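User: I would like to learn how to read a few features of a model. Please take them one at a time.

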Amino acid sequence: MTWAILAFDGEDAEAPARRAAAREAHIAFSRAAAAAGRLLLGLPLHDEAGYSRGSLMVVAGDVAARDAYLAEEPFATSGVWRKVQALPFGIAPLPYQPWPAPDAPAPTGRTHSVLIGWDGTDAGALDRRMAARPAHFARVKPMAADGTLLFGGAIFDAPGGRMIGSIAATRHTSHQAARDWIAEDPYSTGDVWREVTVHATAFRPLPYAPLPHG
């Protein structure tokens with residue numbers, strides 16, 4: 001089982017200081033969790049101006065493993081994260097490029113965009129997704145191979161349940177480029193995604209396990 005943890009910082013004046021104080025502990029914990037196979041991917045979520053607003057953490061394991069991860073994560077225990085959603089998530093098996101070496105230089109600015117798309121909640125939402133799914137996969141498969149798509153997958157309403165949305169990270173370094181990419185996707189043109197948010201991010205190499213490959 002895999003979980004996408006969407007965690008957002010507080011909006012009070014002390015929020016940036018709390019994040020800065022816990023940052024080194026968060027990075028050290030993330031490095032150890034990646035090496036142990038608990039953390040499959042971790043990305044900061046920034047606004048368009050580059051300010052930190054939260055995190056996306058993709059975590060492996062059952063409910064108990066997810067809860068244990070959150071109980072140890074410094075951003076959770078120190079109060080950096082004020083709103084946390086743990087969403088059942090399936091990583092799409094695509095021909096992703098290999099991760100950079102864990103000792104590769106850390107990024108100095110925006111490297112990617114994180115896209116979070118929510119499907120409609122009406123009775124026809126899943127049918128629209130399934131109808132558009134072959135064209136969506138045909139589009140993103142070569143993009144995974146060339147690095148345009150860092151990773152992607154589906155959000156579920158429950159473990160083993162119904163697909164209700166998507167999360168992806170793409171190699172776009174502006175919100176406009178990411179939105180243009182979204183607009184051309186079959187999940188957009190096929191009326192699958194009804195609400196999409198874009199976050200700036202920076203990919204930090206850690207000893208992640210390889211993603212599912214297909």
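User: Is Ala28 buried, partly exposed or exposed, and why?

Analyst: Burial is read from relative accessible area: under 20% is buried and over 50% is exposed. In this predicted model, Ala28 has 48% relative accessibility, so Ala28 counts as partly exposed. Ala28 is found in helix α1, residues 15-35. Between Ala28 and Pro74 there are 9.5 Å in space, C-alpha to C-alpha, and the two are 46 residues apart in sequence.

User: How does Arg66 count, and why?

Analyst: The cut-off for buried is under 20%. Arg66 counts as buried because its relative accessibility is 15%. Helix α2, residues 63-72, holds Arg66. Setting aside neighbours within four places in sequence, Arg66 is in contact with Trp3 and Ala86.

User: What span does α4 reach, and where does α4 bend?

Analyst: The end-to-end distance is set against the span expected at 1.5 Å a residue. Helix α4, residues 125-146, has 22 residues and reaches 30 Å from its first C-alpha to its last, close to the expected 32 Å. The bend in α4 is about 45 degrees and lies at Arg133; a proline, Pro134, follows within four residues. Just after α4, Gly147 takes a positive phi of about 90 degrees.

User: Which residues of α4 are buried, and what covers them?

Analyst: The buried residues of α4 are Ala125, Arg128, Arg129, Ala132, His136, Arg139, Val140, Met143 and Ala144. Their cover includes the strands β5 (112-119), β6 (149-156), β7 (163-170) and β8 (193-201), together with the helices α5 (175-183) and α6 (186-189).

Note on methods:
Residues numbered from 1 in each chain as written. Predicted model: local features only at pLDDT ≥ 70, side-chain atom pairs only at ≥ 80, totals over all residues. Heavy atoms only, no water. Helix = DSSP H or I, 4+ residues; strand = E, 2+ residues; numbered from the N terminus. Expected span 1.5 Å × (residues − 1). Bend = angle between axes of the 7 residues up to and from the residue. Buried < 20%, exposed > 50% of the residue type's maximum accessible area, 1.4 Å probe, protein only. Contact = heavy atoms within 4.5 Å.
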